[in-house]
Amino acid sequence: KGDEVEFRFTADDLNAWFFADGKNVDLIPHLRFRTLDDWLVAEVSVPLTFMAEIPMLPSFRSRFFNGKIATRFAVEKNELKIAGLDIEGNDHRLPWLFTGQGYRDTVTQTMEQGIRARLPDGDVFLSRLDSIRVENGEIVVRFHGPNR
């Protein structure tokens with residue numbers, strides 16, 4: 001509403017807020033947030049129902065990707081960016097193909113769509129976001145005023 005403001009909260013606070021009041025109930029079995037060093041980590045269990053059937057190979061459609069997606073964020077020219085991305089599945093890091101710039105851009109677009117669709121005033125959140133980082137186990141989000 002006015003000047004800059006900074007919020008500090010834990011991953012437990014983020015989980016409680018993200019799932020409060022029945023919000024995002026469809027994601028409860030599939031997503032939990034935590035922090036590790038200066039990374040925000042999403043522990044995920046994603047159904048692979050979208051996978052194409054490949055002849056002569058077992059089906060993946062009834063399976064899940066269980067892993068961790070770790071991110072570091074940056075805000076550049078008033079746009080949220082992923083400065084670092086690390087993906088791990090079955091306790092193995094995924095190859096660079098999934099952590100390269102093109103993939104980070106795709107993940108950023110998907111994340112922005114999710115923020116707009118699942119957060120109240122998601123557009124305002126993104127338009128006023130000044131920085132987001134993890135520091136001493138806390139997620140630190142800074143917003144600037146409307147006239148910047």
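Guide: Start with Ile 54, which sits in the loop that links β3 to β4 (64–76). The coordinates come from a predicted model. Is Ile 54 buried, partly exposed or exposed? Its relative accessible area is 44%. Buried would need under 20%, and exposed over 50%, so Ile 54 counts as partly exposed. Now take a distance from it. Leu 119 is 65 residues away from Ile 54 in sequence. In space, the two C-alpha atoms are 37 Å apart. For scale, the C-alpha atoms of the chain fill a box of roughly 60 × 35 × 30 Å along the principal axes.

Next, the strands on either side of that loop. β3 and β4 belong to an open sheet of five strands. The order is β2-β3-β4-β5-β6, with antiparallel pairing. Which strands stand at the edges? They are β2 and β6 (92–93). Each has a single partner strand, so one side of each is left without a neighbour in the sheet.

β2 covers residues 31–36 and β3 covers residues 39–47. Six bridges join them in the antiparallel sense.

The largest one has 22 residues. Leu 80 and Ile 139 touch the most other members. Elements giving two or more residues are α1 (11–19), β2, β3, β5 (79–89), β7 (129–135) and β8 (138–143). The largest share is four residues, and β5 supplies it.

Stay with Leu 80. Set aside its neighbours within four places in sequence. Its contacts then include Phe 73, Ala 74 and Val 75. Thr 108, Met 111, Glu 112 and Ile 115 are also among them. Leu 126, Leu 129 and Ile 132 complete the list.

Asn 24 lies between α1 and β2. Its relative accessibility is 9%, so Asn 24 counts as buried. What does Asn 24 touch, not counting residues up to four places away in sequence? The answer is Phe 18, Phe 19 and Arg 118.

Finally, step back to the whole chain. It has three helices and eight strands. From the N terminus, the elements run β-α-β-β-β-β-β-α-α-β-β. Of its 148 residues, 30% count as buried. Take the contacts between residues at least 6 apart in sequence: 42% of these join residues at least 24 apart. The chain exposes about 9900 Å², and carbon and sulfur atoms supply 55% of that area. There are 19 positive and 23 negative charges, and their mean positions are 3 Å apart.

Key
Residues are numbered from 1 along each chain as its sequence is written. This is a predicted model: local features need pLDDT of at least 70, side-chain atom pairs count only at pLDDT 80 or more; totals for chains, interfaces and linings use all residues. Side-chain values use heavy atoms; hydrogens and water are left out. Buried means under 20% relative accessible area, exposed over 50%, partly exposed in between (1.4 Å probe, protein chains only). Contact means heavy atoms within 4.5 Å. Accessible areas come from the Shrake-Rupley method with a 1.4 Å probe; for residues, only the protein chains shown count as cover. Lys and Arg count as positive and Asp and Glu as negative; His and the chain ends are not counted. The place of a charge is taken as NZ of Lys, CZ of Arg, CG of Asp or CD of Glu. Two strands pair if DSSP finds at least two bridges between them. A nonpolar core is a set of buried Ala, Val, Leu, Ile, Met, Phe, Trp, Tyr and Cys residues joined through side-chain atoms within 4.5 Å.
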